[in-house]
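Here is a short report on one protein chain. Please look at the sequence and the 3D view first.

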Amino acid sequence: MLPYSEPPSTPPDRRPVVSDVGPNADGGKSFTVTFKAGQELPTHRNASRILIQVHSGAGTVVVDDQPPVELNAGDLLQIAPNAPHSVQAGEAGLEIEVHLVSDCCSSC
């Protein structure tokens, strides 16, 4: 099972590609999400802590209805467990590596 399932309302040309799904040493999962220009992941949440590393391109992420945060190649972002969030690619597309990690202590 993939860590993200598309809502049926998302048209195919707006769906990013999830690849390289694999387990982490802590029992979580890692995967790559590749967005074409303008593609997005609508608001969703995950029970795990999320670490995002931006490999290429640019875009934005919105967490908990806060103002959008810009993402650029080289950026790292952490999202708390169960925080609603969405991701949208910019004009050049976006490639991110996502790590779902166990929330060991909620101190980070």
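The report below goes from the model as a whole to its strands, hairpins and backbone angles.

## The model and its confidence

This is a predicted model: local features need pLDDT of at least 70, side-chain atom pairs count only at pLDDT 80 or more, and totals for chains, interfaces and linings use all residues. Residues are numbered from 1 along each chain as its sequence is written, and side-chain values use heavy atoms, with hydrogens and water left out.

The pLDDT score is the predictor's confidence in each residue, from 0 to 100. Its mean over the protein chain is 85, and 81% of the residues reach 70 or more. Among the elements, strand S5 (residues 69-72) has the highest mean pLDDT, 97. Strand S1 has the lowest, 83.

## Overall build

The protein chain has seven strands and zero helices. Helices (H or I, at least four residues) and strands (E, at least two) are DSSP runs, numbered from the N terminus. From that end, the order reads β-β-β-β-β-β-β.

Of the 108 residues, 31% count as buried. Buried means under 20% relative accessible area, exposed means over 50%, and partly exposed lies in between (1.4 Å probe, protein chains only). The chain exposes about 6,200 Å², and carbon and sulfur atoms supply 53% of that area. Accessible areas come from the Shrake-Rupley method with a 1.4 Å probe; for residues, only the protein chains shown count as cover.

A contact means heavy atoms within 4.5 Å. Among contacts between residues at least 6 apart in sequence, 66% join residues at least 24 apart.

Strand S2 covers residues 29-35. Five of its seven residues are buried, so the strand is mostly covered. Two strands pair if DSSP finds at least two bridges between them. S2 pairs with S1 (residues 17-23) in the antiparallel sense, over five bridges. Here valine 17 stands opposite threonine 34 in S2.

S2 also pairs with S7 (residues 85-101), again antiparallel, over seven bridges. In this pair, serine 30 stands opposite histidine 99 in S7.

## Strand S4 and its partners

Strand S4 spans residues 49-63. It pairs with S7 in the antiparallel sense over 13 bridges. Valine 54 has isoleucine 96 in S7 as its bridge partner.

S4 is also joined to S6 (residues 76-79) by four bridges, and the two run antiparallel. Glutamine 53 is bridged to leucine 76 in S6. With S5, S4 pairs in the antiparallel sense over four bridges. There, threonine 60 has glutamate 70 in S5 as its bridge partner.

## Hairpins and positive phi

S1 and S2 form a hairpin with five residues between the strands. Glycine 27 in this hairpin takes a positive phi near 95 degrees. S4 and S5 also form a hairpin with five residues between them.

Most residues other than glycine have a negative phi. Which value does phi take at aspartate 64? It is positive, about 50 degrees, although the residue is not a glycine. Aspartate 64 lies in the loop between S4 and S5. At 41% relative accessibility, aspartate 64 counts as partly exposed.

Aspartate 20 also has a positive phi, near 55 degrees. Its place is in strand S1. Aspartate 20 counts as exposed because its relative accessibility is 61%.
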